Each structure stands twice: as C-alpha cells, then as structure tokens.
Amino acid sequence: MMFQPRKTFERAPGAHGVSLVTVPSGETEAGSSLAEPVPRLSTGDGCGHTLLTPHSGTLSSKNYPGTYPNHTSCRWWLRAPPGTSLLLAFGDVDLEPSERCARSSVLLTNPQAGTAYGPYCRNAVPATPLLVTNSSAVTVLFNSTSHHSGRGLLLSYATSQHPDLVSCLVRGTHYTQEHVSVYCPAGCKDIDGDIWGNPSQGYRDTSVLCKAAVHAGVIADELGGQVTLSREKGITLYESAFANGLHSKRGSLSEKRLIFHKACDDALEVAAFNASSWWHEVDMLGQDRTWVAERAALGTTGHSWATEPGTEAAWLELDLGTRRNITGIITKGSSEQHNYYVTSYRVSSSRDRKNWRPYRGSSGQEDKVFEGNTDSQGEVSNAFIPPIVARYVRVTPQSWHQHVALKVALVGCQLARVRVPRPYVSSVPKEVAVPTSRPASHTPIPGIALDPEKAGSTLLVMLLIGGFILLCSSLLLLVFLCRRKRKLAAELNCGIMKGYPKLGPSQVCSLQSLPPSGSALASFPMTAVPGDLDQTHSPEYAEPDLVQMTTSSQMGPSTFKPLLDEGYTLPLVVSHYDVPGKYHEYAEPLLPEPEYATPFSEPEPASTRHSPCGVPRLPVSPPLRYDAPAPRAGELPAGACTTAGPGGDIPSAEGPLEDSPLPHVYHEAL
C-alpha cells in the first residue's frame, strides 16, 4: 500500500538536520511543536508518541504499549545531518503475525537509494535490535488492518556518531559490567516504564535506564545524550521523588543499584537573598511571624519566605557573590505547619542585576516553565540543560497553592578559567633594534606575568639560588657530622682502657695520676709457699678496680691493672676502701695459694720461732713482701698485733718458741 501525502510539516529547523512527519490521507493536523506529539489521525490514526530531533528521536504507534487500533497508518520521514547515517534501535515490534506481514507491518525505505528494510511483524522481527542503514534519510511506514492483539511499534534513532545507541526500554539489569556508558535518544521520558529511587540514593537496577537518567537530571528529554553510570551494591529501600517532571516509585531491596555520574553538582552558597516583598503575619493569638527573604534558604528550619497577600508578580532573588556555573535548582514549600507551596515557576538570570535573561532550555524558543512542588514538605529538583552562567538568579512563581511560599537551593560549580590563546605571529627575519627603554608589559589577568624574553635568565637565576641553598645545607650538615664524630671519638678514647669500654663520665679522663709516697704504704710479709705450689699458675682474678666517688655515690665497673713498665704508679691510698679523689685503683692478682687455708704440715721444729701474734716464721726463705694500705686505727680486732716495724715488717717474736703443732692459719681477705 502506498500513502499519498496530504500535508507535510517541518519539525526541526536547520540546514544540517531536518525531521519530517507526513500525515496520511484522511488525517488531520494537531500542532507543530517539536516536543508535542506528532499530528493525530482523525480516523484510524496510527501515530503515537513522537519526538524527532536532528540527532536522535523516538516514535511509537498509537496507544503503545496498549493494543494499537485497527485500520490505522502513519508515516515518519527521518533525516540526519549530511555526512552521517542513521542508526535505528527497535525497542518493540509487536504486530499481529500474518503471512508476509499482510495485516500489520512496519517498513523502512530509502527513496533516494531505492533500498528497503522489512516488512516486519511478530513472525518476522529484525535480526538485530540495532539496524545500520548507511543512509541519511529513512522513511518509516506503519499500517494496520483488522487484528486482535499487539502492542504496536516503538522505534528510536540516532546518527552514526553514537554507535552505543540504546532503546528507551533498556533496563539496568541488561548489563553485567560495573561501569556502563550508553547513548539515550530523545523522547524516552513519556515512554511507559517504571523507575525506583532518586538522584541522591541511586536507582533500582530494574529501572528503565534512559528514563531514570532524565529523572536524575543527567540528560534533557528533548535532546537525549550520553549517559555514564555505575552498578553498585543495592540498598534496602529506595525512596520516591519528583524531579524533572517525573515521579519515581518507592522500591524495595535489589542486588544492584544505578548511580549516574554527573559533574558539577555541588550545593552553591548563597551570599544574600532579596524579594519583591515579604509577609508580616499576625496569627489568631496575636503572635508575629515574619516570612522574610532570608528564610528562603533550603536548610532553614521552620517557615519559609512568603509574599505579602495580594502581591502580583512576586519574585525571589538569589545572589551568589560571584559568577557560577549553575546546573540545577531545588525547591520546597513552607513547612509542615503550613500548606503553602509553588506549583510552577520561571527562572531568569543576570550578571549585573540590571539586564535579566529568561531561561528557555534547549529549544530556545519560549521561556521554560518548571514544574514545582506538589506538597509543602517534599523537595523537587529541576536541571538546567544547558547550564546557567550568572551571579544573580531570580525565581518567578507562576502558580501556587494557597499562598506564595518558597525555599530554594542552587547546585553547580565554579567557573573553569579558560586561557585565551595568544594570536599566532609568523616568524619573519627582521633587524633587531636596540631598545632605548624597557617596553611596558601587559598582564591580561591578575597575577605574575613573566616576559618571555627574560624567562630564560629568570629560570637560570632561580636554579643558581636553589643550588647555592642546597650547597650551604650540605656543608652545614657535614660540619655537624664531623663535630659529632670527633666528640664521640674523644669520649671513647677517654673511657676505654686497653680495649674496655668507658667506665664513667668523661670527667675521669681529666684526672692525673699522683705518685704515692712511700710512707703511706705498709708492707706485710707473706708466708713462703710450698714448693709444689710454686709451679702452679692459677688464674688472676681482679678485684673491683676503681671506686669512683661521684655526687651520686655510684661505683664504676672494674678494669685490670696495667703493667709497671707502661708508666703506671700506685695512687695514694690508706685502705682499699679509701680512694682519694677520682683516681684509678687496680686490684692485685690473687696469691698462688688457697684463699682461706694452707695445707696441713709436719710439727714445727724447735728452732721455729713464732711471732707474738702466733704466726710462725719460716726461716727457710726470706719472707714475701707486698705493699698494702696501712690499716686504720681501730680496724683490727682486740688482741691482734697492731705494731709494725720499720719498713712495714712484723716485729720479731720475743722469747723462745714452744714446740707445738702448727696451727691452722687463715688470712683475712683484703
């Protein structure tokens, strides 16, 4: 069946992209706005929801997704910008099956190239959901006869610049990867499909993806666009919200949720509020309540801003302090105690507070009217696509419930500074004149400006200064390490004697050895050692070497006595408990005999003589002598010999010695 066109309407102006809608014979026209439905049929009309733009669009049959009517037909002419081709995404083709799709069918043709795709129906569906036409012009023909069932047709399109085009019916559950990037066509907002959630929480993964993107303010329905999202772990409950003209549902737990990525979506701080008027209310109890403009901040508790009753052309103005990139607005009603709210409003902006520009959205034809609140408690979001760049924003209510009352917040971000590129100057060889004066430098923006001709010398000076600072730091560090090393070596030399560690504080090193006087030393004879013990070399054990008297009365560790040929001299001491000053004192080696007792011997001959103290004197060999400190008075017990002869000798015994066995002799330890 061929359709004879009755009248043709141009739907999208511009030389590079035109979308045409053709009304079949017997149909009537019903408007020409791009965002409105295509011309409706008077009898047996077959064109349903349709939104066509030069770069993308969506069309459907009558009553979709319900049963399409009998004996209907519709034709759509689609054109893409020159140099591109059309991609067609079949969302749904549910036409009653018949032989060769004779009862109901959809046919795609290109009159210029003479190519055709189809016809398609339920028993002859397209092989792939995405059809590449390789043509910039396609005509879509739909017709129906008598039938019993079938949802009809849903088709979307885009140019070849968007190969990731998806249908309006694609859901988040169709993807398994964590990060998804797709292109949503224009016109998906009014296609039947449920969404659960809100922009702050995210959306249930069973939500229709492109419709949820419109609800989140990522894309505008009249334009479509690229959508980037993440599939994250689901939550227990999804709250409903009204945003960008769409109501979402309250949803339960899901395995995954959809989080849309939207740049420049921060809350903007408002420097000041201003309004056409404000309400000074006196309630029935005589209490005053002021609904001033400062109470229009969204985070304010209690009542909001409201106009004086009877005021016409009311407006609320927000001053951001500086120009910002504004991407959205959030509105709210009065409060829980009052049921006042604005149902629709317009937005205008200004950079100097004198010239105001109304916001017209993506169409640019008429001032856009935003849908407001449906109650006094909930928040409603609307996106600015494209965004507004201004310092002052004015909200003008168009309709309200009971009274004009409003709380507002703006979202966006700071303006990104863009450097203006310098104009290109060709390098032509020319004579360089010697300047007589320094040329004036021009700085287009505040800050530090560097002369390109002096940039090299400035960089060299900076490098030299940095190197000098680094060199000075290295020298200071080296000096510090050398001084510390010398100090440690000096302390180690003072505290180490013959390879042993330091005994005490470094003050010991400053002491000098004092030669002891001979009168301060006492000599005591030693009993001759038996011959069999003379050859025994017992190990030498050192007594505590030095008793260093400090202010804290702490005793230092001991060392071994140096050899006499090394220049060592005994300190001046009275006893081994008395160490004058802070001198070194070393212990003598142990005697080559038992420490406490001597072996038993034969009875002493009659010629043996005893000392007055009862200690036998052996005439066999001269007595052994050693120097020891003289005992203090009162240190020896009563009855002991305390008189020493000249030179420290024990006085000779008086009288003959009796013949008696040699008693056991014990020596007191020094």
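Q: In this predicted model, are Phe90 and Tyr120 buried or exposed?
A: Phe90 and Tyr120 are both buried.

Q: What describes a pair of aromatic rings?
A: The distance of the centres and the angle of the planes describe such a pair. The structure holds 10 aromatic pairs. One of them joins Phe90 and Tyr120, with 5.7 Å centre to centre and 70° between the planes, an edge-to-face arrangement.

Q: Where in the chain do Phe90 and Tyr120 lie?
A: Phe90 belongs to strand 6 (residues 86-94) and Tyr120 to strand 8 (residues 115-120). The two residues are 30 apart, and their pair links distant parts of the chain.

Q: Why is the pair of Phe370 and Phe384 edge-to-face?
A: Planes over 60 degrees apart count as edge-to-face. The planes of Phe370 and Phe384 stand at 70°, with the ring centres 5.5 Å apart, so this pair is edge-to-face. Because Phe370 is in strand 27 (residues 370-371) and Phe384 in strand 28 (residues 379-401), the pair ties together parts 14 residues apart in sequence. Phe370 and Phe384 are buried.

Q: Which residues do ring pairs link into a cluster?
A: The cluster consists of Tyr345, Tyr359, Phe370 and Phe384.

Q: Over which ring does the charged end of Arg394 sit?
A: The charged end of Arg394 is placed over the ring of Trp315, 3.9 Å from the centre of that ring. Arg394 also lies over the face of Trp356, with 4.1 Å to the ring centre.

Notes: Residues are numbered from 1 along each chain as its sequence is written. This is a predicted model: local features need pLDDT of at least 70, side-chain atom pairs count only at pLDDT 80 or more; totals for chains, interfaces and linings use all residues. Side-chain values use heavy atoms; hydrogens and water are left out. Rings of Phe, Tyr and Trp (its six-membered ring) pair if their centres lie within 6.5 Å; planes under 30 degrees apart count as stacked, over 60 as edge-to-face and the rest as tilted. Helices (H or I, at least four residues) and strands (E, at least two) are DSSP runs, numbered from the N terminus. Buried means under 20% relative accessible area, exposed over 50%, partly exposed in between (1.4 Å probe, protein chains only). A charge sits over a ring if NZ of Lys or CZ of Arg is within 6 Å of the ring centre and within 35 degrees of the ring normal.
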